[in-house]
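Please take a moment to turn the model below around before reading on. We will then walk through it together, beginning with a pair of side chains.

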Amino acid sequence: MAVASESESITLSHHHPRFSEAHEFEKPNDENALMLMNSCAISLLDDFPDIVFAYGVSDEYSFVFKKSSQIYKRRASKILSTCVSLFSSTYVMKWAEFFPNKPLKYAPSFDGRVVLYPTVAHVHDYLSWRQVDCHINNQYNTCLWTLVKSGKTNEEAQKFLKGTQKQEKNEILFQQFGINYNTLPPMFRKGSCVFREEVHEISKSKKVKKKVVVDHCDIICPGDMHFWNEHPYILSDDQ
C-alpha cells in the first residue's frame, strides 16, 4: 500500500439476491435501486477528495483513488472499512428518498476489496472490463426476464438463451417483444460513472470549479477514448 506510484481501486459489492427479492426490486433493473447506489457513490466522492472516479453497475461500485493519495497512510484495511461503512450507512439513510412507499425491512450489507494498479493504463483496462461485463450481463438478463415475464420458467428461459450470441439476443428482444435493446436506458446498458466535472466560471478570475456528476457514458478502452480525452484531469495526479 505504501508505493505512491500505484493507483488504488476499491470495489464494494452488495449481498444482492436475497435483499432484492425481499424488497421486490424490479427485474432485470430497478431504476430507483440503481439511483440509490449512485447517490451513495456521490456521497463518497463528496467525503473523500482523493477518490477521482467511480463506476457502478447492478449491486457493485468501484472507486479509484488518485495514485499520490496518502489517505490513512495508505492502509488498505482502514481505507476499505471506512468506505464500506460510509456507503452502507448512506444507503440506509437515503433509502426513503428513493423508496418512499417501501419500508426498509433490514439493513443491507456490503463487502469489498482493495486492489493496486501500477499504471493508468491498467486502471483503464479494469474499468473497460467492468463496462464490457455490464453490457454482457445486462443484455442477457434483459432477455432472461423478458422471457420469464412472457410465461417461461426461469429454467426454460435459461435453456432457450443457451449458446445465443449478442445479435441473436437483440433479435429475440426485437422480433418477439418489440424491444430495441439499444434504446433502453443508458444506465442499464452502460452502468454509471461518477466523477468531478470541471465547471468554468465566466468571471474575471476564470476559476475552474469541479462538481460531482453522474453520467452513463462509454469508457471502454482502447475502442473509445473520447471520455478520457475529454476528461484528462480525472486520472492525472495534478488534481
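**A walk through the model**

The sulfur of cysteine 40 is 13 Å from the closest cysteine sulfur, which belongs to cysteine 83, and that is too far for a bond. A disulfide is counted when a pair of cysteine sulfur atoms lies within 2.5 Å. The structure holds zero disulfides. Both cysteines are tucked away: cysteine 40 is buried, with a relative accessible area of 0%, and cysteine 83 is buried too, at 1%. Here buried stands for under 20% relative accessible area, exposed for over 50%, and partly exposed for anything in between, using a 1.4 Å probe and protein chains only.

A word on how to read these values: this is a predicted model, in which local features need pLDDT of at least 70 and side-chain atom pairs count only at pLDDT 80 or more, while totals for chains, interfaces and linings use all residues. Residues are numbered from 1 along each chain as its sequence is written, and side-chain values use heavy atoms, leaving out hydrogens and water.

Now step back to the whole chain. It has eight helices and six strands, and from the N terminus on they run β-α-α-β-β-α-β-α-α-α-α-β-β-α. Helices (H or I, at least four residues) and strands (E, at least two) are DSSP runs, numbered from the N terminus. With 239 residues, a compact globule would have a radius of gyration near 18 Å, and the chain agrees with its 19 Å. That radius is taken over C-alpha atoms, and the globule rule is 2.2 Å times the number of residues to the power 0.38. Buried residues make up 43% of the 239 residues.

Next, find helix α3, residues 76-98. At 1.5 Å a residue, its 23 residues should span 33 Å, and the end C-alpha atoms are 32 Å apart, which agrees. The expected span is 1.5 Å times one less than the number of residues. Even so, α3 bends by about 35 degrees at valine 92; the bend is the angle between axes fitted to the seven residues ending there and the seven starting there. Among the buried residues of α3 are Ile79, Cys83, Phe87, Tyr91 and Trp95.

What lies inside? In soluble globular proteins, nonpolar side chains tend to be buried together. A nonpolar core is a set of buried Ala, Val, Leu, Ile, Met, Phe, Trp, Tyr and Cys residues joined through side-chain atoms within 4.5 Å. The largest one here has 29 residues, and those with the most contacts inside it are Leu44, Tyr61, Phe63, Phe87 and Tyr91. Helix α2 (31-47), strands β2 (51-57) and β3 (60-65), and helix α3 each supply at least two residues of this core. The largest share, nine residues, comes from α3. Apart from this core lies another, of 20 residues, including Val52, Phe53, Cys134 and Leu235.

Finally, visit the loops. Most residues other than glycine have a negative phi, and most peptide bonds are trans. In the loop between α1 (16-22) and α2 sits glutamate 24, which has a positive phi of about 55 degrees although it is not a glycine. Glutamate 24 is exposed, with a relative accessible area of 63%. Proline 28 lies in the loop between α1 and α2 as well, and a cis peptide bond, with omega about 5 degrees, joins lysine 27 to proline 28. Serine 58, in the loop between β2 and β3, has a positive phi of about 55 degrees without being a glycine; serine 58 is partly exposed, at 42%.
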